[in-house]
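Please read it alongside the sequence and the coordinates.

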Amino acid sequence: MTGSHPHSRGLGLTSPTSRARMVAELRKNGVSDERVLAAMQKIPRHEFVEEAWRGEAYRNKPLPIGLAQTLSQPVVVGLMSQALIAAVAGAPAGPRKRVLEIGTGSGYQTAVLAELIERVYSVERLKLLSELARKRLGGLGYRNIHFGYADGTLGWDAHGPYDAIIVTAAATEVPKALLDQLAAGGRLVIPVGPPNNQMLRAVDRIGSRYIATDLATVSFVPLLEGRA
Ligand code: SAH
């Protein structure tokens, strides 16, 4: 097979069957939310990495996406998505839900969010990655994602408050702007800590109070301040 048409079904290592094996592995590793599992069964992860890495796309490992950044391993994407939407998605009626993502990267996590939550706002500080992700997600048919090119530690005030906020790079402490832009009843999921000792933390906002829960140890690239 040649080319990388976004709607190609993929053969061999990039087939729906490989994706089903990945989903089985997610289940074994604590991802139980059927909405998250269905989204990850559907999204062609191999379209989010460079050609040379496609054969590895459905193994449970992080992959390089260029510019010293990485696409998180599937289990981490699954666990973060599950922790995030437990608090916000699936309510039978009510206003449309909004999620803010910091660190668009390849756009894979963004696609998972776009399957689960009505409106997605995603901020990336590296222009090239932001543009590639925009093109890729447009090509896959997503119309509910808004892309921002900026320093995400400041959040994206114009569209807040958000029912959910997810950060896919590690912070030394939780940025105050993100706490401010979290809606009451909302949840923030963020890796916090130095490179070799990070915790995935959920912060729930209840009225004006914030309650933090540590979920798991993780390993993310650092969240950087300012645009590149
Ligand atoms: N979630 C992404 C991968 C995350 S890698 C995916 O699914 O592919 C972390 C990303 O955070 C990188 O793309 C990096 O450029 C971005 N990043 C780091 N600091 C940032 C900041 N202050 N604001 C916005 N994005 C940032």
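K176 counts as exposed, at a relative accessibility of 57%, in what is a predicted model. K176 forms a salt bridge with D180, in which the closest N and O atoms lie 2.9 Å apart. A search of the whole structure finds nine salt bridges, and the points below describe some of them by location and accessibility.

**Within a helix**
- K176 and D180 both belong to helix α6 (residues 176-180), and because they are four residues apart there, about one helical turn separates them.
- D180, the acidic partner of K176, is partly exposed, with a relative accessible area of 45%.

**Between strands**
- D204 and R187 meet through their side chains in a salt bridge, with an N to O distance of 2.7 Å.
- This pair links distant parts of the chain, since D204 sits in strand β8 (residues 198-206) and R187 in strand β7 (residues 182-192), with the two residues 17 apart.
- Both D204 and R187 are buried.

**A pair with contrasting accessibility**
- The side chains of E51 and R54 meet in a salt bridge, with 3.7 Å from N to O, a value that falls within the 4 Å cut-off for such a contact.
- E51 is exposed, with a relative accessible area of 52%, whereas R54 is buried, with a relative accessible area of 14%.

How values were computed:
Residues are numbered from 1 along each chain as its sequence is written. This is a predicted model: local features need pLDDT of at least 70, side-chain atom pairs count only at pLDDT 80 or more; totals for chains, interfaces and linings use all residues. Side-chain values use heavy atoms; hydrogens and water are left out. Buried means under 20% relative accessible area, exposed over 50%, partly exposed in between (1.4 Å probe, protein chains only).
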